[in-house]
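Open the model in your viewer and keep the selection panel at hand. The tour moves from stop to stop; select as you read.

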Amino acid sequence: MAGLFITGTKDKATKEIFYSIVVDATPTISILQNPIGYLQGINSQRSELLRSELNIVTFKDLLEHFPYRHIDRTRVDKIASIQPNQDYAYVSGKLLQLEIMGSGRSRRLVGLLKDDTGLLELVWFQGIAWVQKAIHVGNTYLVFGKPGFFMGKAQIAHPDIENFSRHQAGGKQSLEPIYPSTEKLKARGLTGAGFAKYSSELLQKLTEKDIPENIPGDILKQYKLISRFDAYRQIHFPVSEKMYQQALRRLKFEELFYGQLRMQLIKMRRHRFSKGFIFSVVGNLFNEFYNHHLPFTLTQAQKKVIKELRQDTASGRQMNRLLQGDVGSGKTMVAFMGMLLAADNNFQSVIMAPTEVLASQHFESIRSYITHLPLQIALLTGSTPAKERKKILAGCAGGTIHILIGTHAVIEKKVIFKNLGFAVVDEQHKFGVAQRAMLWAKNEIPPHVLVMTATPIPRTLALTAYGDLDYSVMDELPPGRKPITTMHYNEAARPRVMDFVRAEISKGRQAYFIYPLIEESSKLDYENLYKGYEEVKAFFPEPRYWISMVHGKQPALQKEVNMKRFISGDTQIMVSTTVIEVGVNVPNASVMVIESAEKFGLSQLHQLRGRVGRGSDQSYCILLTGRKLGNDAYERMKIMVATGNGFEIAEKDLEMRGPGEIEGTRQSGAVQFKLASLVNDKAALEAARASVENILSTDPELENPGHIMIKNYLQQQKAKTKWSKVG
Ligand code: ADP
Ligand code: MG
C-alpha cells in the first residue's frame, strides 16, 4: 500500500503509481507466462486442480512452487530405527497387506510394509480407491512421509509412495525435492514427490534468457550471491545441501531487494510530486519556548526528531512521518515543537487523539506549555457543548485558534481551518485509514502530517510495511525513570498482592486494576469488571479508600469525572478496562495490577504497563493469571517480566505471532514473503535496503546500463499483472 496519507489507494492503485514511474516500454511475454497445461502429463483436469488447490496457473507459478525439503535418495531408513521425533522417514520395503478397515468416519485403507528390520503401517483416509489401484501387494516400494506412532507401532499417514524400480538405491548423493501438496492432489496422484517430474521438465525447457538476472552484478559480487538462473535450478534440484542454501539465500535477497525497491520508489515519487507548505523560518515562538520555557531538558532522541521535523517542513514537500517511540518517551513535546514551527510560519495545527481522556490531557499539557506564548488553543471533542463548539469552529475558520486539540471531532466536515499546516495523529493504531485521509483532505495542499505510535514495531517490519513513509524512532526515555518492576503471580497469591498494593497506597501512591477489554457484546466481561470492582472494594473499603471506575461503555461525562478524580488524587484506585491503555499520564500512580493477564497480547500488556513508571517513584506491574497457562501465555508473561524495552517486546511479538498479526502494521502484501522471513533474515533485509538506497540515490530513474535489468524486471512484472487481469 502507499503511504498512509496517499490513501484511498488500495494495492492496485499503488501498483499503478509504482509502475508508471519505472515502466514505459511495451511489455514482452515470456515463456514463464505459459499455462502449465503445456507440460507433459498435465491435462486440463489436472491444470484445473492445480489452480484450485495451489493457485498454480503458469510456468512461473510452478517455478515458484518451491520444495519444502529435499531427501537424499541414497540414504534409506531402516524401519526399526524410526524415531517418534523424526521429521520424515524414507523407507524401502515390500507391501505385505493392503486392506480397508473400519467403517463410516473411521474407514481407512491400511497397508503393511516390511523391510529386513520390521513392519511399518501405512494409512490412508482419503483417496482410497486411487491408492488401491496404484499399488499392489507383493511389490516393493519406496515410501516417504512423516512417521507417527500409534499404539507403539510406527506408522505413516498418507505417505508418498513410488515403485522401487524407478530408483535403485546406491550411487552418489542425490537430493530430491518434496513439494507442498494437498490431500486432494495426493489423492489424484500428485504427491509431494510427484511434483518433481513437472518441475524437472519445466527447468529443462528454460534457458538462462528465460530467467534473466535481475540484480546488478556488483551487488551479487558484494554479497556473494549466485545467479538467478542457477538459484532457480538449485532450489529445486540442488547438487548439494550447500548449494541449496546458496540458492535460498540468493532468492530471499531478491525478494527483499524488490520489496524495498518498491517501497522506496513510492516514497521517492511522493517526495518528488507532493507539494507541501514550506515552514521557512524558525521564529520567535519556537526559539522563545526552546530557550526559556522548556519544562525539562530534551532527550537526544527528542532533539533528533525535532530536527527531522524542521528539515521536512522546510523542504517544500509534504511531510508524512511516522514517529515510533516507546511509551513515555515524550512524543507529545516533539509534536508541540512542531506546532510551534507551524505557528511561526502562520499556520494552524491540529492534534487528534483517540480518546477524550487523552485529548483533554494533551490540552492540559499544551496549555501549560504556552502560558508565556501568544497562542490560542482549543479543545474539541464529542462532548463539547454546542455553544462552545460554535465558537471554536469560528476560531478555526477565522484563524484565531492556532492549535486545535481533540478527538475524531476535529476531522468532521464542519471543522474548517483557515490555513492548516501541521496535523498530528496520536497513537496511530487506534485510527482507521479513512479517518486519517479525512485529515489530509482538509486542504488543497495537504498539511504536514506526523503520525505517532506508541506500539513499537520491529525495525524489519517497519522497513517493509512502512518503508514508503519517513520514519523516526525515539529509543530513549527521559532521564531519571526507574525501570518498572514486573512480577507474575497466579490467582492464589491475590491476598498477598492486595497487601502489597495497600502498602504502596499507604505511602501515598495510587494503583490501577485492569480487567480484560469490554467487548461491545460481551456480557461476561462486564460481569468480570463489576465482580472485580466489588472484590477490590472488599479489600479497600470506603471511606478509608476511594475507587474510580472507567470503562468504554460509560457515558462520557461519568468517565471524565472518574478519570479526573483519579488524576487529582481524590481516588487512590482506578478499576478500569483497557480504555486507559493509551496515553493516560498520572505520575503518582505507581502500581498496576493486570487481571487475567494471559488474555492480553504482548504489545497491549506493554502499553498498559506504560501507565506506571511515569513519576520518580519505583513502580510495579503485577501480572495476575490463572494457575494453568498455555505455553504461549507463559512465554508472554516471562518476556514481560524480563524486559521493559518496547522494541525488544515487539521483536518477541513478531517471533511469536508472525508479521501478519502485529497491531499497527497494515494488512498488506508488503510483509508476506514466499521465502524470506522478517524474523530470521534481518541481515539480508538490511543489506537489500542499503543496496536499493545506494542505487536510487545515484540513479533514481534506473537508467544506468548496469541497472537496466532492474527496469526490465519491473516491466516484466507489469506484463504479468496485465496478463492475469485479462485471464
Ligand atoms: P509518550 O511518548 O508516551 O506520549 P508523553 O509525551 O506523554 O509520552 O511523555 C511522558 C512524560 O514524560 C510526560 O509527563 C512528559 O512531560 C515527560 N517528559 C517528556 N519529555 C521529557 C524529558 N525530556 N525530560 C523529562 N520528562 C519528559
Ligand atoms: Mg502519548
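Buried means under 20% relative accessible area, exposed over 50%, and partly exposed in between, with a 1.4 Å probe and protein chains only. This is a predicted model: local features need pLDDT of at least 70 and side-chain atom pairs count only at pLDDT 80 or more, while totals for chains, interfaces and linings use all residues. Residues are numbered from 1 along each chain as its sequence is written, chains are lettered from A and ligands numbered from 1 in the order in which they are written, and side-chain values use heavy atoms, without hydrogens and water.

Select cysteine 621. Its relative accessible area is 0%, so it counts as buried. Go to cysteine 396: it is buried too, because its relative accessibility is 0%. A search for disulfides (cysteine sulfur pairs within 2.5 Å) across the whole structure returns zero.

Now select ligand 1. Around it are 16 residues, each with a heavy atom within 4 Å. Thr297, Gly328, Lys331, Thr332 and Arg481 come nearest.

Show the polar contacts (here, N or O pairs within 3.5 Å). A polar side-chain atom of glutamine 302 sits 2.8 Å from a ligand 1 nitrogen. Lysine 331 places a polar side-chain atom 2.8 Å from an oxygen of ligand 1. At glycine 330, a backbone N or O atom is 3.1 Å from a ligand 1 oxygen. Alone, ligand 1 exposes 570 Å², and the protein buries 84% of that; these areas use the Shrake-Rupley method with a 1.4 Å probe.

Technical notes
A polar contact is a pair of N or O atoms within 3.5 Å; within protein, one must be able to donate a hydrogen and the other to accept it, and residues adjacent in sequence count only if both atoms are side-chain atoms.
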